[in-house]
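I have kept to what can be checked against the coordinates.

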Amino acid sequence: MFAVKAKKSQAKLRQSVKGKQMRFFEAQGVDELVSICMTLAQELWVVKERLASVEAAAAKKGVILGQEIESFAFSPEQRAMVDEEKKQFIERVFFTLREQAESLETKPTAEPDGPKVP
Amino acid sequence: MTENVDHDLKVDYSRDEMARQHFVSGMRTYVLNNLSGGMRTVYNKKVEPNFKKKNKRVPKTAPEIHKALKDETIFKFYSSMRCNTQEMVWRSVIPGIERQAEDLSAKTKVLAQSTQKANGTLTLDPKLAIPRYTADLDVHLMPGNYHEEHIPDDVSQGAIFDNGLSVFAMGFLGPRMDDITQSVSTYFTKRYPDFKPKAILDMGCTLGHSTLPWKQRYPNAEVTGIDVGAPSVRYAHGRAQSYGVSANFAQKDAEHTAYPDESFDVIYSCMFLHEVPKKNIRNIFKEAYRMLKPGGVMLHYELPPNKMLSAYDSFYLDWDSFYNKEPFYKAFRDSDPQEECTAAGFKKNKYFQYVAPSLNFYGESAIIKAIADAKANTEGENHMGRLVDGVQWFTFGAWK
Ligand SMILES: C[S@@+](CC[C@H](N)C(=O)[O-])C[C@H]1O[C@@H](n2cnc3c(N)ncnc32)[C@H](O)[C@@H]1O
């Protein structure tokens with residue numbers, strides 16, 4: 001998958017933030033789940049973006065090679081389409097949060113109550 | 001390469017790494033628009049009315065709003081996702097830099113020695129102590145801060161900030177990510193056309209985004225950027241050389257620079273003060289006063305002070321101070337810029353502030369219009385910048 005070869009490097013950079021970690025949810029593990037979900041979403045996006053470039057490249061040349069994909073660049077129009085798709089993709093994955101706000105924006109309807117939870 | 005890093009120190013990224021960066025930019029747009037908008041709705045429709053029912057009034061201060069909102073699920077998701085997005089900004093650029101760290105350091109050395117395009121100087125001080133308040137902090141969740149070193153002659157932390165800023169800013173800061181100082185300095189030159197500085201200092205310059213525009217405005221001036229981080233000033237110097245701009249960079253602490261008295265006409269900083277504790281800001285202003293020639297000016301771009309904002313907007317900006325490892329940000333924004341200037345020796349009536357419209361978004365004509373409007377609305381120098389909607393940069397300063 002990586003045409004940019006991992007060169008031998010002596011450098012070891014840090015990815016973890018040191019010190020106090022920010023936590024927002026009471027139940028243990030929820031903050032971590034959020035983080036995992038976001039990374040999952042990111043990786044899914046990576047696949048989708050790669051696929052989009054495969055399709056666009058194939059359409060252009062009729063051949064698909066790893067190197068071909070690596071150096072492929074979207075035209076500004078294609079980029080705009082892909083960006084738009086990315087926006088919608090994110091909004092879809094995190095829909096439940098939008099629902100929280102939007103459910104307050106509309107006037108409450110006289111919704112009949114269901115049975116009481118025991 | 002990352003979107004807005006187009007000079008010789010750019011980093012090669014694979015397609016998938018670039019897709020990861022695109023995702024993070026998109027995620028930021030979602031969190032800052034959709035989620036933050038949702039949080040505002042929950043506040044307006046639920047939290048504020050509930051508070052009013054209980055207390056017979058609406059919340060009046062940022063801490064009151066913070067306290068009332070922080071148990072809401074939307075606040076928790078907004079906060080946790082903003083932290084995650086922030087960390088993902090840096091994580092999306094670090095692997096490529098780690099791979100190319102030696103390469104970047106070698107390229108920086110070549111650029112530093114070449115006088116082909118520019119001939120700015122680089123002065124390092126390996127004995128300089130990193131100030132205690134920042135030495136052990138991963139400021140805004142950036143692993144390694146501006147000064148950590150991993151290999152000899154390292155520039156990695158500079159590269160992390162430059163490429164990370166590009167993912168973070170999403171084009172918002174202009175093609176070279178220097179729109180703030182481009183706008184602020186353009187406003188300044190148009191507002192004070194007869195002022196011709198010969199020596200300009202940029203404190204806390206990091207990579208020179210806030211330094212180089214001054215050389216464009218005043219090509220004959222000697223322009224110098226200082227920062228405590230060695231990787232930052234090395235990278236800043238390489239970046240300037242690559243762009244063909246002759247500017248000097250030095251590793252120095254703005255609290256005690258060892259520059260002679262009265263050696264600069266302009267002493268500037270950009271996005272610097274909010275990362276410094278109040279006590280140290282006071283020392284830095286005193287040091288600036290000492291270094292300024294009579295008739296010179298001290299100038300700072302910063303986030304607007306809390307007293308210029310509504311309680312909700314203050315709460316919204318203060319969020320970073322609680323959760324984004326910006327511990328000094330709130331205290332700075334709670335302080336009065338004019339008082340801080342006078343405490344350092346500047347005369348009260350020599351204080352001024354302005355709000356510069358973005359050069360990148362609105363062009364020079366908008367800046368000229370803003371100056372005309374400000375002049376029409378006030379007498380003399382001591383006018384209040386007015387904050388309206390749009391991309392604009394709050395600036396304050398004082399003449400010596
Ligand atoms: C947010 S960055 C400034 C960004 C930069 N001016 C720009 O516009 O892109 C803050 C910088 O201040 C530096 N710094 C912090 N304390 C300092 C001090 N006492 N003297 C000089 N630099 C300092 C940090 O190393 C960091 O590079």
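1. Which residues of strand 7 of chain B point one way, which point the other way, and are they buried or exposed? Y351(B), Q353(B), V355(B) and P357(B) point one way, whereas F352(B), Y354(B) and A356(B) point the other way, and all are buried. Buried here means under 20% relative accessible area, exposed means over 50%, and partly exposed lies in between, with a 1.4 Å probe and protein chains only. In a regular strand the side chains alternate between the two faces of the sheet. Because 7 of the 7 residues of strand 7 (residues 351-357) are buried, this strand is largely enclosed by the rest of the structure. Helices (H or I, at least four residues) and strands (E, at least two) are DSSP runs, numbered from the N terminus.

2. Strand 7 of chain B pairs with strand 8 (residues 392-399) of chain B in the antiparallel sense, over 7 bridges; pairing requires that DSSP find at least two bridges between the strands. One of the partners in strand 8 is Q392(B), which is bridged to P357(B).

3. On the basis of the model: it is predicted, so that local features need pLDDT of at least 70 and side-chain atom pairs count only at pLDDT 80 or more, while totals for chains, interfaces and linings use all residues. Residues are numbered from 1 along each chain as its sequence is written, chains are lettered from A and ligands numbered from 1 in the order in which they are written, and side-chain values use heavy atoms, with hydrogens and water left out.

4. The model scores ipTM 0.72 and pTM 0.89. Chain B averages a pLDDT (the predictor's confidence in each residue, from 0 to 100) of 94, and 97% of its residues score at least 70. Over residues 379-385 of chain B, however, the pLDDT is below 50, although this stretch has 21 contacts in the model beyond near neighbours in sequence, a contact being heavy atoms within 4.5 Å. Where pLDDT is low, the predicted coordinates should not be read in detail.

5. A nonpolar core is a set of buried Ala, Val, Leu, Ile, Met, Phe, Trp, Tyr and Cys residues joined through side-chain atoms within 4.5 Å. The largest such core has 102 residues, of which M27(B), Y30(B), M81(B), I97(B) and F188(B) touch the most other members. Helix 1 (residues 15-55) of chain B supplies the largest share of this core, 11 residues. Another core, of 29 residues, lies apart from it and includes A199(B), I226(B), F264(B) and M298(B).

6. Helix 1 of chain B bends by about 45 degrees at Y43(B), the bend being the angle between axes fitted to the seven residues ending there and the seven starting there. After helix 1 comes K56(B), whose phi is positive, near 60 degrees.

7. How many disulfides are there over all chains? The count comes to 0, where a disulfide is a pair of cysteine sulfur atoms within 2.5 Å. The sulfur of C205(B) is 11 Å from the closest cysteine sulfur, in C270(B), and is therefore too far for a bond. For C341(B) the closest cysteine sulfur is also in C270(B), at 16 Å, again too far for a bond. C205(B) is buried at 3% relative accessibility, and C341(B) is buried with a relative accessible area of 1%.

8. Chain A has 4 helices and 0 strands, and buried residues make up 25% of its 118 residues.
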